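These notes follow a reading of the coordinates alongside the sequence.

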Amino acid sequence: MKKILFAFVLPAFLFSCGNNNENTEPTVEPSKTPDVSLPANISYQLVNSFPHDTACFTEGLQYVDGKLLESAGQYGQSDIRFTDLETGKVLKEVPLAEKYFGEGCTQLDGKIYQMTYQENTCFVYDAVTLKKIKEFNYNFGEGWGMTTDGTNLIISNGGSNLYFYNPSNFTEVKRVGITNQYGPVGKINELEYIKGFVYANIWMSDQIIKIDPSNGRVIALVNLEDLRGKTGIPPSSFADENGPEAMNGIAYDSAGNRIFITGKNWPKLFEVKFDN
């Protein structure tokens with residue numbers, strides 16, 4: 001399980017390292033003349049905070065029609081749910097069988113897609129009733145993050161690639177290798193598509209990167225390491241099964257131009273504003 005693989009917070013220098021998890025995957029080669037410019041630093045402002053279910057081990061998050069779509073992980077505790085933004089109250093949820101560990105999720109064209117961690121299964125639900133419609137199997141490794149560009153599903157598996165999948169038959173359309181000035185960037189986790197770019201949590205880090213999906217370049221990063229201190233959330237502890245863990249969860253309200261951030265078992269969800 002991802003929760004207990006390490007017992008320390010990721011040092012900053014590992015942010016620029018390639019994938020060193022258990023996934024073995026081909027990394028898409030960068031262009032022959034790579035852009036070695038440094039990613040821009042994006043500052044942020046804390047705008048608001050909302051209650052969040054501390055029992056929810058957040059693996060997927062999306063803002064949908066005034067409410068939050070969230071995928072909860074952990075074996076025996078996984079589900080797909082809608083929650084009320086203002087109160088954090090669960091409006092509707094469907095639990096997964098105990099053998100499944102819920103991961104990234106997204107809504108597209110009236111359907112909700114939810115991956116699983118090591119079970120190589122993606123569930124598809126009706127977006128209104130949360131009734132399961134069908135399921136797909138995949139072979140790209142572990143399931144981690146998921147978002148959509150409005151046409152394809154965009155998926156991460158903890159490595160240094162983004163996978164673009166056809167939602168109708170769950171077949172791969174293309175893959176893009178994620179690189180910064182040092183080379184491949186691994187530990188790509190929860191994803192959100194915002195204004196033509198993919199924003200990604202880096203596992204065990206309080207940094208979010210902004211990716212150009214056309215070429216995989218990391219063009220900017222946001223350092224949110226002081227967010228816990230500002231909001232009273234204790235440091236990440238991988239020894240406490242019920243305490244606040246890694247930052248994981250990015251959602252975007254396109255109508256209100258709002259970005260929401262939370263983490264695994266966090267007591268709050270935050271509205272933040274990025275400076276670009």
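1. Rings of Phe, Tyr and Trp (for Trp, the six-membered ring) are taken to pair if their centres lie within 6.5 Å, with planes under 30 degrees apart called stacked, over 60 edge-to-face, and the rest tilted. On that basis Phe136, Tyr138, Phe140, Tyr163, Tyr165 and Phe170 form one aromatic cluster. The model is a predicted one, in which local features need pLDDT of at least 70 and side-chain atom pairs count only at pLDDT 80 or more, whereas totals for chains, interfaces and linings use all residues. Residues are numbered from 1 along each chain as its sequence is written, and side-chain values use heavy atoms, with hydrogens and water left out.

2. How many aromatic pairs does the pairing rule give? The count comes to 16 aromatic pairs. Among them is the pair of Tyr138 and Phe140, which is stacked because the ring centres are 4.3 Å apart and the planes stand at 5°. Burial is judged by relative accessible area (buried under 20%, exposed over 50%, partly exposed in between, using a 1.4 Å probe and protein chains only). Tyr138 counts as buried at 7% relative accessibility, and Phe140 is likewise buried, with a relative accessible area of 7%.

3. Tyr165 and Phe170 form a tilted aromatic pair, with 5.0 Å from centre to centre and 50° between the planes. Tyr165 is buried, its relative accessible area being 4%, and Phe170 is buried with a value of 5%. Strands and helices here are DSSP runs numbered from the N terminus (strands E, at least two residues; helices H or I, at least four), and Tyr165 lies in strand 13, residues 161-166. Tyr165 and Asn152 are 13 residues apart in sequence, and their C-alpha atoms are 5.5 Å apart in space.

4. The charged end of Lys67 sits over the ring of Phe82, at 4.8 Å from its centre. Lys174 lies over the face of Phe164, with 4.6 Å to the ring centre.

5. Two strands are said to pair if DSSP finds at least two bridges between them. Four strands form an open sheet in the order 3-4-5-6, and the pairing is antiparallel. The edge strands are strand 3 (58-64) and strand 6 (90-95), each of which pairs on one side only. The twist averages 15° from one strand to the next, where axes are lines fitted to C-alpha atoms (for helices over the stretch in contact) and angles run from 0 to 180 degrees between N-to-C directions. Strand 3 pairs with strand 4 (residues 67-72) over six bridges in the antiparallel sense, and Val64 stands opposite Lys67 in strand 4.

6. A further open sheet is built from five strands in the order 1-20-19-18-17, with mixed pairing. Strand 1 (40-42) and strand 17 stand at the edges with a single partner strand each, so one side of each is left without a neighbour in the sheet. Neighbouring strands of this sheet are turned by 25° against each other on average, direction ignored. Strand 1 and strand 20 (residues 218-223) run parallel and are joined by three bridges, and Ala40 stands opposite Ala220 in strand 20.

7. Which side chain does that of Asn189 contact? Asn189, found in strand 17 (residues 188-194), makes a side-chain to side-chain polar contact with Asn248 at 3.2 Å. Such a contact is a pair of N or O atoms within 3.5 Å; within protein, one must be able to donate a hydrogen and the other to accept it, and residues adjacent in sequence count only if both atoms are side-chain atoms. Asn189 is buried, with a relative accessible area of 1%. Asn201 has its place in strand 18 (residues 197-202) and is buried at 0%, while the side chain of Asn201 reaches the backbone nitrogen of Gly249 at 3.0 Å.

8. A disulfide is defined as a pair of cysteine sulfur atoms within 2.5 Å, and a search of the whole structure finds zero disulfides. Cys56 is in no disulfide, and the nearest cysteine sulfur, that of Cys105, is 9.5 Å away. Cys56 counts as buried at 0% relative accessibility, and Cys122 counts as buried at 0% as well.

Notes:
Lys NZ or Arg CZ within 6 Å of the ring centre and 35° of its normal.
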